[in-house]
Amino acid sequence: MSSTSAKRAVMLALGFSTTLAGASLAQEKVLRIGMTAADIPRTHGQPDQGFEGNRFTGIPMYDGLTNWDLSSAEKASVVIPGLATEWAVDASDKTKWVFKLRPGVKFQDGSAFDAAAVVWNVDKVLNKEAAQFAPDQIGVTVSRMPTLKVAKVVDPLTVELTTSEPDAFLPINLTNLYMASPAHWAAKLAAVPASVTEPAERAKQAWAAFSADPSGTGPFKGVKLSPRERFEMVANKSYWDPKRVPKIDRVVLLPLPEANARTAALLSGQVDWIEAPSPDAVPQIKQRGFSIYSNAQPHVWPWQLSFAEGSVWLDKKVRHAANLCVNREELKTLLGGLMEVPKGTVPPGHPWWGNPKFEIKYDLEAAKKLMTEAGFSAAKPAKVKVLTSASGSGQMQPLPMNEFMQQALKDCYFDVALEVGEWNAVFTNWREGAKHANARGANATNVTYAAMDPFFAMVRFVSTKTFPPVSNNWGYFGNDEFDKLIADARTSFDGTARDAALAKLHARIVEEAPFVWVAHDVGPRAMSAKVKGVVQPKSWFIDLAPMSME
Amino acid sequence: MLIYLAKRILYVLPVALGVSVFCFLLVHIAPGDPLTSVLPPDASQAMQDELRKIYGFDRPLPVQFGLWLWKALQGDLGTSIATGRPVAPEVWRAVGNTLLIACLATVIGFVLGCFFGFVAGYFRGSFLDKFASMLAVLGVSVPHYWLGMVLVIVFSVQLGWLPPGGAGPGGSAAWKWDWEHVSHMILPAVTMSVIPMGIISRTVRALVADILNQEFVPALRAKGLMDFGVFRHVVKNAAPTALAVMGLQLGYLLGGSILIETVFSWPGTGFLLGNAIFQRDLPLLQGTILVLAMFFVGLNVLVDIVQGLLDPRVRRR
């Protein structure tokens, strides 16, 4: 063979192999997601970065004993069996729950999921003596299941959980406790150099290694972590739920905190999906053939009102007037349609709705009348000072939205002053309360919140036990009636009865109006037309498993 | 020269200590809770106290500072509260990434800045002077953030020539000197270069104008030197100051730009600082600021030394 022929042969072979390699790469279905988070949420099973963390590194890789139903865009997202198939409270001791576990489930490392694994995962955040105790996982876990005390193995497929007080919310709370593999963690611990002798440091290093190579029971398995840059997950084809075995081979998560950068990444084809496109970019995104998905989320953008001495909000007429004075449809237009008009903390049709007698709507005349009856007028407006931030997690577009509120309420004899603080300071003051100096004399605060479970959605804002600094009852709203309604809900162990009690609580909250309810976020996300099978539920979460890529 | 060198290095010590005290205090007096990233807003007081104890935030500030400084001297910048990962490797990786675009931006800024500066200074009052000066003013005035977005819209979204962000396939951990990766540097580096370009251009213009007014220039011409020969002397006289300005600019750029690195999702020190600030991750914030400050101090020493080598008068001061 001449040298020219040899070169040609090599070139052909190279070309052929490149084509083959290209074809095999092309066959791999890869979904690339631009998140709003500035870092990859933690991957060890208890994600940080709020619910975006649960959405992308929690639910895809792990399961809880109970999971959220994310299969419908129309129905409210409710709790369904996850790694537990059934559960019940002990008839004689309402602090004890028995959970029956799903048989045949394996962690991604091949070890079996059983009752001992549940106890191990409870201990990782509750038992300081446990080898796997992880202080940095406490914050995002324990406060979301505040009454859980201890877990005990009954038999390999039965576990007993004990709460500090009777608490019907436990099955909902348990969606936040993801099951990580004890065997995989033990292997990571064994690999920690012997020179590290301090047990807490060894555990910390084992968790760091586990984060880089996680193992849960979920439909995706984490395979590659580049801190602050990207995280890759591959399909777990042996996932226990046949309906949720992934069709996508690989998911790549990219932190893109800047909204315009996310939009550019989508439009230039760098990613297939972006979270929270800026409202201004939506028409352009649609024009270029991308799809926008949104749905009402259990999220509330409110003004939380102060009931401290001297507050104008002590008068219910004023609270109702403010709720009636805001034309939320106009606000929706301002936000490019990316909000839902609220009727309360949860929407009509939700199991906790409860048909409140007070309807939140736009009725300027009724609002003015109430204000007049309360003794206010254009010449003598109600002075209101609202603490807000220029940005922040879940805050949507706080400044334009608050300025809209300021203008809207002016029509009903309110004189609104906006006190714009740094987000962390405003957030910290949420626990300190309206009477604290850091509230800067504000009589309303604007911190958004998730309304997925009863405690987060309602209890913490209306119980006398959650006054600052215990929890987020910033405005000191509460009385015996509300404490009793909460106690009723907490001790209604039948699901239907619990929902009925919560519905009563919700109805009373709307009627008493300790908030001005302004908007529900709709969790907008933009995707390439190549992403198929997308169901955006009425939830903070979304299930990647049933999706496919063209 | 050795005494000069020793003096410069000795000056660094109080500066370094001052910087470490300052950055420690700065992040502690900022509002908000240092455990924000691991502590949800509804956490109980007991849990807050417990975590504060675990992370050592219950100790008096001087004790916290002493422990932090002692560890920092041994190269341990602590562990990030938000991620649980050691701070030092993250900071060094980010510094490396920022170094990549900062060096490229400095080269672009220095070359273009010197070119426009010399042209403007040498042809004072001409159309070339006005044009070059206009570019310099534009460089220092145009908002980075806006320019970055415009470049992304034009070159990534509309033309599709360059990627809009990130550090390339596999991230910076898989960095290679190939087009796929290098192409990710171009837009952030160009955006970053406009301010040094403008500053260096204006500095060099003023220097050249000043040097051309000095008596030795007519003397050189009288000796029969042609324009190019005179120009060489002007360049040599302007070089130490231009280099000093370049060094300072490189120092600023090494600090990364929170805005530019956020717009381009470039995993450098600016991006890291932005993360640390928004998550209120004190160990990460302190570690990053300390490393950047030390870099800046070191760079200044280096520039002083180079200046001393180039200009004997500096050594005698």
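## Two long-numbered helices of chain B

In chain B, helix α9 (residues 227–254) packs with helix α12 (residues 282–310) at an angle of about 170°, and their axes lie 9 Å apart. Here axes are lines fitted to C-alpha atoms, for helices over the stretch in contact, and angles run from 0 to 180 degrees between N-to-C directions. The two helices α9(B) and α12(B) are therefore roughly antiparallel to each other, a term used for angles over 145 degrees. Helices (H or I, at least four residues) and strands (E, at least two) are DSSP runs, numbered from the N terminus.

Among the residues of α9(B) that meet α12(B) are B:L243, B:G247 and B:L250, while the residues on the side of α12(B) include B:F295, B:L299 and B:V306; two residues are in contact if their C-beta atoms, placed from the backbone, lie within 7 Å. By class, this contact of α9(B) with α12(B) has 14 nonpolar residues, four polar and no charged, where Ala, Val, Leu, Ile, Met, Phe, Trp, Tyr, Cys and Pro count as nonpolar, Asp, Glu, Lys and Arg as charged, and the others, Gly among them, as polar.

## About the model

This is a predicted model, in which local features need pLDDT of at least 70 and side-chain atom pairs count only at pLDDT 80 or more, whereas totals for chains, interfaces and linings use all residues. Residues are numbered from 1 along each chain as its sequence is written, and chains are lettered from A and ligands numbered from 1 in the order in which they are written.

## Where the chains touch

Between the chains, 44 residues of chain B are in contact with 42 residues of chain A. On the side of chain B, the elements that give two or more residues are α2 (45–54), α6 (144–158), α10 (258–263) and α11 (269–279), and the largest share, five residues, comes from α6(B). This side of chain B has 22 nonpolar, 17 polar and five charged residues.

Helix α6(B) also has a partner within chain B, helix α7 (residues 179–212): their axes come within 10 Å and cross at roughly 145°. The contact includes B:L147, B:L151 and B:F155 of α6(B), together with B:L187, B:V190 and B:V194 of α7(B), and its residues divide into seven nonpolar, three polar and no charged.

## Chain A as a whole

Chain A has 17 helices and 21 strands. Its C-alpha trace spans about 100 × 65 × 45 Å along the principal axes, and 52% of its 550 residues are buried, meaning that 20 or more other C-beta atoms lie within 10 Å of the residue's own, with 12 or fewer counting as exposed and values in between as partly exposed.

Helix α10 of chain A (residues 316–324) is largely enclosed by the rest of the structure, because seven of its nine residues are buried. The buried residues, among them A:V318, A:H320 and A:L324, pack against several elements of chain A, including β13 (299–305), α12 (364–373) and β14 (382–389).

## Backbone details in chain A

A cis peptide bond, with omega about 5°, joins A:P468 and A:P469, and A:P469 has its place in the loop between α15 (454–462) and α16 (480–490) of chain A.

Conventions
Angles under 35 degrees count as roughly parallel, over 145 as roughly antiparallel, 65 to 115 as roughly perpendicular and the rest as oblique.
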